[in-house]
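Colleague: Could you walk me through this model? I'd like to talk about its contacts.

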Amino acid sequence: MIHEILKMGDARLLRIAEPVSQFNTPELSKLVADMFETMAAANGAGLAAPQIGVNLQLVIFGFKSNPRYPDAPNVPETVLLNPVLTPLSEEVDEAWEGCLSVPGLRGLVPRWSKLRYEGVDQFGAVISREVDGFHARVVQHECDHLNGILYPVRIRDLSQFGYTEVLFPEMDPNQDD
Ligand code: NI
C-alpha cells in the first residue's frame, strides 16, 4: 500500500523516533513492504518511517539506478532499524540532496565522508557496515529523519538551495519530485 509522504511543515517530521523493540512480526513486514512500495512510487533513494507518519527508528534505502540521482552509484537495498552512526574520519563532503518531504527542491549539504552504521534488519539480524560516498550520504540523510532533522537545516550557504528545475534544468521533470 502506497502511503502519503508528509511534507516539511508537518510537526510529525520533527519528532524523535522510538526504537523498534519487536522484530520479525507481520506488522513490521507490512510496514517495510509499504515503505518500499511508497519509495518506489516516488522514485526515492530512501525513506524513513516518520515520513509516512510512523514514529519508529526504521529507514529503508538502496537502488540499482535512480532517475532522481542519475549519477549515483548503486547502494544495496537495506532495511535498517535502531541505527547508530559513527563517523570514521573528520572529512566532510558537500553534495546536492533532495528529499521526498521537501518536493521540488535541492540543496548542497555537508555530510561525513566515511562512517560506520550499525543496527538490525526487520528480522533482528545485525547490520554493521563501513561506507563512504553516496551510500554514506543516503544513510545520514535517512537517519536524520529519525531525529526530526530535514536536510535544509544542514545547508551552510542558503544560496545553494533552490528549485530542482532551475538548478538542474536538464533533469526530466517527470522523474523528479
Ligand atoms: Ni528525506
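What follows is a short chat about cysteines, a metal site and aromatic rings.

Modeller: Before we start, this is a predicted model: local features need pLDDT of at least 70, side-chain atom pairs count only at pLDDT 80 or more, and totals for chains, interfaces and linings use all residues. Residues are numbered from 1 along each chain as its sequence is written, and side-chain values use heavy atoms, with hydrogens and water left out.

Colleague: How many disulfides does a search of the whole structure find?

Modeller: To count, a pair of cysteine sulfur atoms has to be within 2.5 Å. Cys143 is in no disulfide, as the nearest cysteine sulfur, that of Cys99, is 13 Å away. The search of the whole structure comes back with zero.

Colleague: Is Cys99 buried or exposed?

Modeller: Buried means under 20% relative accessible area, exposed over 50%, and partly exposed in between (1.4 Å probe, protein chains only). Cys99 has a relative accessible area of 2%, so call it buried.

Colleague: Which residues coordinate the nickel ion?

Modeller: Donors are N, O and S atoms within 2.8 Å of the metal (3.2 Å for Na, K and Ca); water is not among the atoms, so sites may look incomplete. The donor residues here follow the spacing C-x41-H-x3-H. At 2.1 to 2.3 Å, the nickel ion is held by Cys99 (SG), His141 (NE2) and His145 (NE2).

Colleague: How many residues apart in sequence are the parts that Cys99 and His141 tie together?

Modeller: Helices (H or I, at least four residues) and strands (E, at least two) are DSSP runs, numbered from the N terminus. Cys99 is in the loop between strand 4 (92-97) and strand 5 (105-112), while His141 belongs to helix 2 (residues 133-145), so the parts they tie together are 42 residues apart.

Colleague: What kind of aromatic pair do Phe63 and Phe134 make?

Modeller: Rings of Phe, Tyr and Trp (its six-membered ring) pair if their centres lie within 6.5 Å; planes under 30 degrees apart count as stacked, over 60 as edge-to-face and the rest as tilted. There are four aromatic pairs in the whole structure. For Phe63 and Phe134, the centres are 5.8 Å apart and the planes sit at 75°, so the pair is edge-to-face.

Colleague: And how accessible is Trp96, which forms an aromatic pair with Phe168?

Modeller: That pair is edge-to-face, with 5.5 Å centre to centre and 90° between the planes. Phe168 is buried at a relative accessible area of 18%. Trp96 is partly exposed, and its relative accessible area is 26%.
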